[in-house]
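Hi everyone, thanks for coming. Let me put the structure up, and then I'll walk you through a few of its features.

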Amino acid sequence: MDLKPPPYEKPPPIPELPDHFPAVEGVGQMQRPKHPTSYVETLGHFLKANIASGIYAMGDAFRNGGLILAPFLTAVLGGICVFNQHILVNCATAVREKYKLNYYPGYDATVELCFSSGPPIFQKFASRGKSAVNFFLIVAQLGFCCVYMVFVTSTTHQILHNFGIELEIHLNMLVTLALLLGFIIIRNLKYLAPVSLFATATMFLGVGLTIYISSQDLPPISSRYALPSWVQLPLFFGTIIYAYEGISLVLLLQTEMENPEKFDSPLGVLNVGNIIVTVLQIIVGFIGYLKYGEDVKGSLIPSICLLTVSNLSQFVKIATAIGILLTYPIMFYVPVALIWPAVVKRWGPFDKSAKYEIILRLVLCFLTFILSEIIPDLGLFISLVGAVSSTALALVFPPLCDISMRQLDGDFGFLGWRKMVDYLTLIIAFFGFCTGSYFSLVHIVQAFGSSTEES
């Protein structure tokens, strides 16, 4: 299925590069890699970034979306996310050709240059748009890393308990931190490729076994809610958007490819990867909610544990814990790639050794550890991160870039359908951002209150 939007047929005249935009390598600029990745390696990175803790939250998402409505809404929101990923890639290509850049712009630089190329109202917010993208990228990726740390810690805690080993949960999280420290010092996507491929294999195995276990003795469909209440829909929206976790890696993965043109081709990484992800999400969400009903957790793993303590369920937990643990480095790569050049620009230059960058990586990793210690509820945190940062990155900035690039020429396709899609996406994003953030925060406050009373 080719979801790639039509290419820009009428590129505007080549203007001068904005004065405030750096002419040397820095934040937002990606040079051709010294160690490019193949199609399979890039697909492995993409799948690993999107098949993580979010897919195990799909049962909870379908509980909030209804057994009948949720599959349809998942496919629609997934299609919109894929469409916007293609828009982002097209916009990056367009500004690269327009400004005759000798490097590949990142997400933040793409937004800035698209806004600079548009009407005056967009030009006014070009620099702020770049800063906003960087903020949301860092918050989203570090938020994902926090969720992964909580997920791995809780899962390994259950595994050890079932083997008769009682390890205090905070000490268990320290062990998780120690394991992660060995992977975050890997500074090249090429060297992370084997890690991602192995993690992808373990996650596919874990997801497959989860579907198999949850498919046993299913209750009738009539026993579950077909349609949700309006209060539940915002939480569903936040979880679905969170589950498409790879928007921040789209341009980075394309740049790192040996043949970048294969990234967004009809059978490229974007289309193939997203079809696989969406199909798995619908299957896991449908079966997860049908099997466990209102007792489904923020992750399906605890639900499986309550159902059975067989060797097969233990293997699912082990495979999933390994897969999520090895997903942390690839998601951690993005905030480091954004923050490190800014640190060099502000306090550099440093010597050519990697020790200062490694120090930054250690500091950020410890930050996710501290934040993970105070997360009250995994499912609610997933909804909050999805409603805020993921919505902005996946559904707000791509259509804004598209509108800005096409506005001056009136190039919006037949009967302006592109403009209609862009504005519809922004309306959906605004609804999800406001309602999802509000209800997630309300439930998180309630969770904090309950935990305080129990203590």
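I'll start with the chain as a whole, then go to helix packing, salt bridges and a surface patch.

A word on the source: this is a predicted model, where local features need pLDDT of at least 70, side-chain atom pairs count only at pLDDT 80 or more, and totals for chains, interfaces and linings use all residues. Residues are numbered from 1 along each chain as its sequence is written, and side-chain values use heavy atoms, with hydrogens and water left out.

The chain has 17 helices and two strands; helices (H or I, at least four residues) and strands (E, at least two) are DSSP runs, numbered from the N terminus. Of its 455 residues, 56% are buried. Buried means under 20% relative accessible area, exposed over 50%, and partly exposed in between, with a 1.4 Å probe and protein chains only.

Now, how do helices H3 and H12 pack? Their axes are 7 Å apart, at an angle of about 70°. Axes here are lines fitted to C-alpha atoms, for helices over the stretch in contact, and angles run from 0 to 180 degrees between N-to-C directions. H3 and H12 are therefore roughly perpendicular, a label for angles of 65 to 115 degrees, with under 35 roughly parallel, over 145 roughly antiparallel and the rest oblique. On the H3 side, the contact includes Phe 62 and Arg 63, and on the H12 side Phe 286 and Tyr 289 are among the partners. Contact means heavy atoms within 4.5 Å.

Arg 63 also forms a salt bridge with Asp 60, with the closest N and O atoms 2.8 Å apart. By salt bridge I mean a side-chain nitrogen of Lys or Arg within 4 Å of a carboxyl oxygen of Asp or Glu. Both residues lie in H3, about one turn of the helix apart, and Asp 60 is buried at 9%.

Which helices does the pair Lys 130 and Glu 112 tie together? Lys 130 is in H7 and Glu 112 in H5, so the bridge links parts that are 18 residues apart in sequence. Lys 130 counts as buried at 14%, and so does Glu 112, at 2%.

Last, the surface: Phe 163, Ile 165, Phe 198, Ile 318 and Ile 322 make a nonpolar patch of about 470 Å². Patches use residues with over 30% relative accessible area and no salt bridge, joining like charges within 9 Å and nonpolar side chains (Val, Leu, Ile, Met, Phe, Trp, Tyr) within 5 Å. Ile 165 sits in the loop between H7 and H8 and is partly exposed, at 45%.

Note on methods
Areas by Shrake-Rupley, 256 points an atom, 1.4 Å probe, with all protein chains shown as cover.
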